[in-house]
Amino acid sequence: MNTALPILLIEDNPMDVDLTRRAFVRHNLTNPLEVLRDGQEALDFFSNWRTTDLPPSVVLLDLKLPKVNGLEVLRTIREHSLLGTVPVVVLTSSSEDVDVHEAYLLGANSYIVKPVDFEKFIDVARQIELYWTVLNIHCSARIRGF
């Protein structure tokens, strides 16, 4: 049984979901990858959160989501009483200054523009996995004893 904290990917593009999965498999990621495909699905996920659920080690969040945009999802995460301290990495195609600025104002821990090249994407995914699931000490995990 895998006891590693899950990584939550909120991404609507099936190709980017597949790239992320392939990148994590290539680097023998032990954390399960949970995928939510639009902003409303993410809001529903957070509103149904139970204290017995394992918190994600990190949320990878696209900003350009259908139904509810990623900035609203980020706002909801930060306001959540149990998940507000979970690291959120914005992983998006937008390099617009206004998006970067707003994401950091809302509490994003990191902002990464998705590389187009597969090998560069693999490298970004490896670095995300290494830092956010191995090196970073997660506040919720320490409090809950995970």
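A: Let's start with D62 and what it touches. Leaving out residues up to four places away in sequence, D62 touches I10, E11, D12, G70, L91, T92, S93 and K114. Please keep in mind that this is a predicted model. D62 itself sits in the loop between β3 and α3 (70–79). Is D62 buried or exposed? D62 counts as buried, because its relative accessibility is 3% and the cut-off for buried is under 20%. There is also a database note for this position: UniProt, in an unreviewed entry, lists D62 for "modified residue: 4-aspartylphosphate".

Now step back to L61, which belongs to strand β3. L61 has a relative accessibility of 0%, so it counts as buried. With neighbours within four places in sequence set aside, L61 is in contact with I10, G70, V73, L74, V88, V89, V90 and L91. One of these, V90, is 29 residues away from L61 in sequence, yet the two C-alpha atoms are 4.7 Å apart in space. Another, I10, stands opposite L61 in β3. I10 is also on the list of residues that D62 touches.

β1 (residues 7–10) pairs with β3 in the parallel sense, over four bridges. Both belong to an open sheet of five strands, with parallel pairing and the order β2-β1-β3-β4-β5. At the edges stand β2 (33–36) and β5 (110–113); each has a single partner strand, so one side of each is left without a neighbour in the sheet. From one strand to the next, the twist averages 20°.

Helices lie across these strands too. Helix α1 (residues 14–26) lies across β1, β2 and β3, and runs at about 175° to β2. Helix α2 lies across β1 and β2, running at about 120° to β2.

Finally, let's visit another aspartate, D53. You will find D53 in the loop between α2 (39–47) and β3 (58–61). D53 has a relative accessible area of 18%, so it is buried, given that the cut-off is under 20%. The side chain of D53 also has a polar contact, at 2.8 Å, with the side chain of R50.

Notes:
Residues are numbered from 1 along each chain as its sequence is written. This is a predicted model: local features need pLDDT of at least 70, side-chain atom pairs count only at pLDDT 80 or more; totals for chains, interfaces and linings use all residues. Side-chain values use heavy atoms; hydrogens and water are left out. Helices (H or I, at least four residues) and strands (E, at least two) are DSSP runs, numbered from the N terminus. Buried means under 20% relative accessible area, exposed over 50%, partly exposed in between (1.4 Å probe, protein chains only). A polar contact is a pair of N or O atoms within 3.5 Å; within protein, one must be able to donate a hydrogen and the other to accept it, and residues adjacent in sequence count only if both atoms are side-chain atoms. UniProt positions are given in the numbering used here, feature names are shortened, and annotations may be inferred rather than shown by experiment. Contact means heavy atoms within 4.5 Å. Two strands pair if DSSP finds at least two bridges between them. Axes are lines fitted to C-alpha atoms, for helices over the stretch in contact, and angles run from 0 to 180 degrees between N-to-C directions.
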